[in-house]
Amino acid sequence: MKVVVCVKQVPDTKGGVKFNPDGTLDRAAMLTIMNPDDKAGLEAALRLKDQYGAEVTVVTMGLPKAEEVLREAIAMGADKGILVTDRVLGGADTWATSQTLAGAIRNLDYDLIITGRQAIDGDTAQVGPQISEHLGIPVISYAQKITVEGDSVVVERQYDDRYHVLKAKMPCLITALAELNEPRYMTPGGIFDAYKAEITTWGRAELKDVEDSNLGLKGSPTQIARASDKVRKGKGEKVTLDPTESVAYIMDKLKEKHVI
Amino acid sequence: MNLEEYKGVFVFAQQVDNKVSSIALELIGEGKRLAEKLATEVTAVLVGSGVKDLADELAAYGADKVIVVDDPELKEYRTEPYAHALSSVINQFKPEILLVGATAIGRDLGPRVSARVHTGLTADCTSLEIGDFPINPIPGKEQKHNQLLMTRPAFGGNTIATIACPDFRPQMATVRPGVMQKLEKKEGAKAVVEEYNPGFTPDNKYVEIVEVVKNLTDTVDIMDAKILVSGGRGVGSPENFKILDDLAEAIGGTVSCSRAVVDAGWKSKDLQVGQTGKTVRPNVYFAIGISGAIQHLAGMEESDIIVAINKDETAPIFDVADYGIVGDLNKIVPMLTEQIKSAVANK
């Protein structure tokens, strides 16, 4: 069984976000981590490796620095890391990103592709389903439990008020929720292996069956019209009244805003 | 792609168990507003099995037209048949704008459809406008008019970005639930109903539904709650959370809490709002006895309306509260509950 896991190196937004003077994000000044949902996806793949001896290949797209997350994945137990990096791929939206990753994955054998549901920097949850569309395979998103039965996967798929147990024939793409599992730590032996491991680097030339017009900034249907630091909510009203008046005040406001 | 061919504002009218989801009505309301600016109409796309009767409800909330895709394959939501239904509607009717709810269904369906029809998709929008792109003219670049400008938070809510899709159609957005306004219901309003079935042939992409399990737990996820009644250390004791439970019940809300409350062992972690808990964006957030540490504010300041009750007038929660009340929560909250109860009863 062969599993491909897509991971993304993201700024650690929990550690605070830093901006350049022009208002763009200062990525260089921020710590980076493996995106949490992706890490849960990797852990799910590693459990399939533990159980069934699956071969786990990790793919990332990004700057050369993104190699770090591949080494982290190998230190956790992944077999192989592929870095997709090329100047012409920069500025990609989710369409161009999914085209790029699909172009890379077409070079690989796979039964299962696992991505995180969404990355904490963009929060779009689009790239996984879009990769599956480009590859013509089924997608099961929001996976909270994954098991393999013969040539099929059985997945608990979360919705707002329910979950579905879904069964799909492989090959199939699954997007993982961070709640799926508790990812393992890197092992000392793993870290040693990761340090020595050869990372495969692919550029534009290695992407299979993708047109230039679908890549990078130029291949991105969506364009940024404006970006800005969030406007902090201003102070509202503050009143000091006796309890009865306070309640009357709240009731007025709730009625005014059609809450009650 | 001839962009001129694409006309009208379409919304995906999500239904679950043949009940129209609230987001569908919100999208019709917002779609109508956009359609008026473009001098066009709003069309609801209703996908399911045995759902045709729901068209009147969509009309009552403002849909000018309803396209119904009705097929037994569409009984429960599954990615492939729904993606086939919606992308076939796009190819057939060519809308210039398509709005989908940013729900667990819409965030799965939207990307699959946008990839199939080759257009852009902007996720989790909180504001939509019609305007020029680029917003300000740039020498040597064509400024296009009447574009959909889609605004969304990113980077964990630390930035906001406005996105356009100038060269592809439809301009697609998923829209966060609870943000857009429904129109007032007009009983008896009728829409033009058109049935359309592109044909459904199961293939490898049709996954099998083995089981549908409803209501995982009785507790509402605080991230889905429209109204949160949140308590902090100032509530005083686990027993005293009763007055918050009562308020929540009266107003149809859910109880959540600050980290101090979880650390004290009064409430479980899944109810915690804040940086190390959950990020919530309810319509109304009551902060009761919560001082408002920056980590707490990070998890709730996006709420539409924040009502804070705290006896300490210097508490930082008042910096983000729309309505701040300096006072004793033990006196105010029970009285508020009673008044809400009678207000609801008299409705």
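Modeller: Strand β5 (residues 80-84) of chain A pairs with β11(A) in the parallel sense, over four bridges. Strands here are DSSP E runs of at least two residues, helices are H or I runs of at least four, and both are numbered from the N terminus. Two strands pair when DSSP finds at least two bridges between them. Within this pair, A:V84 faces A:W202 of β11(A).

This is a predicted model: local features need pLDDT of at least 70, side-chain atom pairs count only at pLDDT 80 or more, and totals for chains, interfaces and linings use all residues. Residues are numbered from 1 along each chain as its sequence is written, while chains are lettered from A and ligands numbered from 1 in the order in which they are written.

Now the whole sheet. Ten strands form an open sheet with mixed pairing, ordered β11(A)-β5(A)-β4(A)-β1(A)-β6(A)-β10(A)-β7(A)-β8(A)-β9(A)-β13(B). Neighbouring strands are turned by 30 degrees against each other on average, direction ignored. Axes are lines fitted to C-alpha atoms, for helices over the stretch in contact; angles run from 0 to 180 degrees between N-to-C directions.

The chains also meet at another strand pair. Strand β13 (residues 237-240) of chain A runs parallel to β18 (residues 323-326) of chain B, joined by four bridges. There, A:V239 has B:I325 as its bridge partner.

The contact takes 66 residues from chain A and 75 residues from chain B. Contact means C-beta atoms, placed from the backbone, within 7 Å. On the side of chain B that touches chain A, helix α8 (residues 329-345) of chain B gives the most, with eight residues. That side divides into 41 nonpolar, 16 polar and 18 charged residues. Ala, Val, Leu, Ile, Met, Phe, Trp, Tyr, Cys and Pro count as nonpolar; Asp, Glu, Lys and Arg as charged; the others, Gly among them, as polar.

Chain B holds a sheet of its own. Seven strands form an open, parallel sheet in the order β7-β11-β6-β1-β4-β5-β12 (chain B). Its edge strands are β7 (121-125) and β12 (192-195) of chain B. The twist averages 20 degrees from one strand to the next. Strands β1 (residues 9-12) and β6 (residues 97-101) of chain B pair in parallel over three bridges. B:V11 has B:L99 in β6(B) as its bridge partner. Helix α1 (residues 22-37) of chain B lies across β1, β4 (42-48), β6 and β11 (171-175) of chain B, at about 175 degrees to β1(B). Helix α4 (residues 106-117) of chain B packs on the sheet as well, touching β1, β6, β7 and β11 of chain B.

B:V11 returns in the largest nonpolar core. Of its 130 residues, A:I174, B:V11, B:V45, B:L46, B:L58 and B:L86 touch the most other members. A core is a set of buried Ala, Val, Leu, Ile, Met, Phe, Trp, Tyr and Cys residues joined through C-beta atoms within 7 Å. Buried means 20 or more other C-beta atoms within 10 Å of a residue's own; exposed means 12 or fewer, and partly exposed lies in between. Not counting residues up to four places away in sequence, B:L86 touches B:F12, B:V45, B:V47, B:L109 and B:V113.

Definitions and conventions. Contact = placed C-beta atoms within 7 Å.
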